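Biologist: I would like to learn how to read the features of a model. Please take me through this one.

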Amino acid sequence: MKKKKISFMMLLMFCMVFAGVFSFSDTAYAKKITSFSQVKKMALKKVKNAIVTEMDKDYEKGVLVYEVHLLKGTKEYELTYRASDGKMLSYGWEQKKIDRRSKKKVMSESKCKKLARKEVPGGKITSIRKTRDDGIIKYKVKMQKDNKKYELEYHARTCKLLEYEWELKIKTNDSNKYIGVAKAKKIALKKVPGGTVVKVEFDKDDGVPIYEVEIIKGYYEYDIEIHAKTGKILDIDIDGVEYIYD
């Protein structure tokens with residue numbers, strides 16, 4: 001009787017270990033994205049009751065990612081997931097219904113900063129500027145918190161948040177082979193003397209490592225692409241930016 005009891009306990013333990021191994025295996029690969037249907041399910045869990053309008057698979061900074069576009073009410077969403085582990089790398093939305101007739105007084109920069117800090121508690125404002133876009137006066141705010149970069153856009157008259165986006169900062173393993181952010185800034189400013197650098201980002205365009213440098217000078221915004229290894233300027237895009245003064 002004692003032998004049978006011991007045998008039964010051993011069998012029970014074996015079953016538990018066996019089940020545990022397979023359970024662990026399922027968990028280990030549960031988050032890896034291998035199909036569009038899988039990433040669609042993940043996106044709809046994040047933005048409930050939305051409609052998926054577009055999905056794409058691409059490489060960003062040498063990492064395979066899935067991009068999902070959704071529509072919910074008057075907002076368009078864009079989510080990016082890393083294929084290797086299903087981690088969300090960026091999340092953002094844009095309000096498509098905008099009040100273009102408001103005659104309210106334009107809010108102050110300090111009030112906009114207050115709204116941004118409330119939206120991203122603990123975030124640090126790195127830049128804020130007031131512009132006119134499609135006839136609407138807006139505040140564009142850039143922030144940073146931990147390992148995330150934020151971009152917010154406010155309607156300057158209604159104080160409504162029109163765009164919201166955050167993106168994880170991804171470190172590259174071979175950054176020591178590149179010219180570096182400081183040198184990229186120097187090269188860009190040599191091309192646009194007297195300008196102010198507002199953003200520098202590392203990216204890969206069709207496998208080519210580049211630094212994207214954004215510069216503001218006067219009424220113009222310059223987007224300069226620089227080869228991250230050679231320092232050669234690959235492209236310059238100039239957009240007119242209409243500044244609004246109180």
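Modeller: The protein chain has four helices and twelve strands; helices (H or I, at least four residues) and strands (E, at least two) are DSSP runs, numbered from the N terminus. This is a predicted model, in which local features need pLDDT of at least 70 and side-chain atom pairs count only at pLDDT 80 or more, while totals for chains, interfaces and linings use all residues. Residues are numbered from 1 along each chain as its sequence is written, and side-chain values use heavy atoms, with hydrogens and water left out.

Biologist: What share of the residues of the protein chain count as buried?

Modeller: Buried means under 20% relative accessible area, exposed over 50%, and partly exposed in between (1.4 Å probe, protein chains only). Of the 246 residues here, 34% count as buried.

Biologist: How many residues does the largest nonpolar core have, and which have the most contacts inside it?

Modeller: A nonpolar core is a set of buried Ala, Val, Leu, Ile, Met, Phe, Trp, Tyr and Cys residues joined through side-chain atoms within 4.5 Å. The largest one has 35 residues, and Leu-79, Tyr-91, Val-141, Leu-152 and Tyr-154 have the most contacts inside it. A second, separate core has 14 residues, including Ile-179, Ala-184, Tyr-211 and Tyr-222.

Biologist: Which residues does Gln-95 touch, not counting residues up to four places away in sequence?

Modeller: Contact means heavy atoms within 4.5 Å. With those sequence neighbours left out, Gln-95 touches Thr-74, Lys-75, Leu-161 and Leu-162. Gln-95 is found in strand 4 (residues 88-95) and counts as buried because its relative accessibility is 16%.

Biologist: Where does the side chain of Gln-95 make a polar contact?

Modeller: A polar contact is a pair of N or O atoms within 3.5 Å; within protein, one must be able to donate a hydrogen and the other to accept it, and residues adjacent in sequence count only if both atoms are side-chain atoms. The side chains of Gln-95 and Thr-74 are joined by such a contact of 2.4 Å. The Gln-95 side chain also reaches the backbone nitrogen of Lys-97 at 3.3 Å.

Biologist: How many salt bridges does the structure hold?

Modeller: Side chains of opposite charge can pair when their charged atoms come close. A salt bridge is a side-chain nitrogen of Lys or Arg within 4 Å of a carboxyl oxygen of Asp or Glu. The structure holds eleven. One of them joins Lys-113 and Glu-109 (3.6 Å, N to O); both residues lie in helix 3 (residues 109-119), four residues apart, about one turn of the helix.

Biologist: Which salt bridges does Glu-214 form?

Modeller: Glu-214 meets Lys-142 in a salt bridge (3.7 Å, N to O). Lys-142 lies in strand 6 and Glu-214 in strand 10 (residues 208-217), so this pair ties together parts 72 residues apart in sequence. Glu-214 also forms a salt bridge with Lys-199, with the closest N and O atoms 3.7 Å apart. Salt bridges that share partners join Arg-129, Lys-142, Glu-151, Lys-199, Glu-214 and Glu-221 into one network.

Biologist: Which phi angle does Asp-146 have?

Modeller: Most residues other than glycine have a negative phi. Asp-146 is not a glycine, yet its phi is positive, about 55 degrees. Asp-146 sits in the loop between strand 6 (136-145) and strand 7 (148-155) and counts as exposed because its relative accessibility is 66%. Cys-159 likewise has a positive phi, of about 70 degrees, and is found in the loop between strand 7 and strand 8 (161-168).
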